[in-house]
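I opened this model to look up a few things.

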Amino acid sequence: MKDFFKGKFTLTRRLFQIGTFLFFLAVYYTSHKQSFLLGTFYSFKLGPIHIVDPFIYLTYLGRNLLKADLFVWTVTGFLIPLLIAFLFGRVFCSWICPYNFLYEILDFLKTHLFRKKPLIYFEASPKSKKVWLALALALGIFIPPFPYYILMPGLLSVLLHQLVLHLYSFILFSLLLILMVLFVDLFFKKRIWCKFICPTGLILGMARWKGGLRIIKRKDLTCKECALCSFECPLGLTPHLGNHLEDCYNCGRCVDICKGLRKKENPLDFKFL
Amino acid sequence: MFKTKFLRPPGAVKESEFVKKCIRCGKCQQICPYNSIVLTSWENPFYFGLPYIIARKKPCYLCMKCPPVCPSGALDRTLVDKNKVKMGIARINRDTCWAYQGSFCRACFMNCPIFDKALKMTDELLPVVIEKYCVGCGICENVCPVEPSAIIVEPLKD
């Protein structure tokens, strides 16, 4: 259990993840009395601003075209996640997303208790990801419920609200969906859903700016090539080679785990600008 | 097989547009002080996550708190007057309604929020729905003592 919280970034991140859960619970228990904070991960109301999931809003715009209701505060809220992704990368996925938290718990149990080897290794090229995103957008536009079946953070937050309200038929339905996705995910080596399928994650990854927050391998410090970071990476990336970090969601696990040649001289670090 | 007629929250745009416009964020359900609004799941998987009201269990009490929190225009944000709501129209089943069977019952008339306008008692005995004023909140359906309810709100067609 100690491993689960070990490290500066990992500990902060766990606090964020647990904090998100408690925050939403607090919102749901007080939602009758206030309208300042309301909503789920599909759309969250923060004061007047309606922050919306980029994928949900893009399908909404595509579905309604000229009839779309372009409410100023919703459009503002649509830009906020994109701006955060532009500057800090996919921090939403690693620091806030409840599905990621759920999966990390299961992943921890899987590797530390059952010690089963992952089965299938899957890799997708950036081009095939774009093709899938275009397909997902088209499906979302022509089949209105489609995004709500595959976006896990939104589904989990709606589920939490139904738990507060004791609406069990909905809970059963969405729980089956979530278990189905988890089941698929557990058969693949490291997170097929978050890396290749979740359309919101793909959009946030594309909105990312190369100069924003990212993991770098410093050239002035020597790397032992122990590859601990690559073993520990929750997404199955290889930070010790210092390449293809476009999938990286800035969780900071590799920075925590990195052991340099001398103390406090770890070659892996966060860089901003 | 699947349920297709749903009573939508107050201020909803017409059904075919509502399915497209609602982003299913659940804010209307969260702000509802009576927990009247529920989300679709098994009733019709194609409408998964869309909000609706089961009037017999809990009707809409027309507090008008949900339209202003809608982010996508599925509920008309500017709607504040409960008299202008149009969710559906109540229909009385004269074969089961107690008043039409000769008993003295005015449960629906006494509880109608658009009092003495949407529901009128002819000769102080028989309830009649005035379609022009009925908002379709479902309170009459909720309070009807007959099982199943002798007055049922039909959601508006497109």
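**Surface patch**

I found a nonpolar surface patch formed by A:Leu83, A:Ile84, A:Phe86, A:Phe88, A:Trp209, A:Phe272 and A:Leu273, with about 650 Å² of accessible area together. Patch residues have over 30% relative accessible area and no salt bridge; nonpolar side chains (Val, Leu, Ile, Met, Phe, Trp, Tyr) are joined within 5 Å, like charges within 9 Å. Areas are Shrake-Rupley with a 1.4 Å probe, and for residues only the protein chains shown count as cover.

This is a predicted model: local features need pLDDT of at least 70, side-chain atom pairs count only at pLDDT 80 or more, and totals for chains, interfaces and linings use all residues; side-chain values use heavy atoms, without hydrogens and water. Residues are numbered from 1 along each chain as its sequence is written, with chains lettered from A and ligands numbered from 1 in the order written.

I placed A:Leu83 in helix H4 (residues 72-88) of chain A. Helices (H or I, at least four residues) and strands (E, at least two) are DSSP runs, numbered from the N terminus. A:Leu83 counts as exposed because its relative accessibility is 51%. The classes are buried under 20%, exposed over 50%, partly exposed in between (1.4 Å probe, protein chains only).

**Sheet**

I traced an open sheet of 3 strands in chain A, ordered S1-S2-S3 with antiparallel pairing. Its edge strands are S1 (37-39) and S3 (49-52), each pairing on one side only. Pairing takes at least two DSSP bridges between two strands. S1(A) and S2 (residues 43-46) of chain A are joined by 3 bridges. A:Leu38 stands opposite A:Lys45 in S2(A). Helix H2 (residues 8-30) of chain A packs on the sheet and touches S1 and S2 of chain A; its direction makes about 95° with that of S1(A). Contact is heavy atoms within 4.5 Å. Axes are lines fitted to C-alpha atoms, for helices over the stretch in contact; angles run from 0 to 180 degrees between N-to-C directions.

**Salt bridges**

How many salt bridges does the structure hold over all chains? I noted 14. The criterion is a side-chain nitrogen of Lys or Arg within 4 Å of a carboxyl oxygen of Asp or Glu.

I checked A:Lys129 and A:Asp247, whose side chains meet at 2.4 Å, N to O. A:Lys129 sits in helix H7 (residues 126-142) of chain A, and A:Asp247 in the loop between H13 (228-232) and H14 (253-257) of chain A, 118 residues apart. A:Lys129 is buried at 9%. A:Asp247 is buried at 7%.
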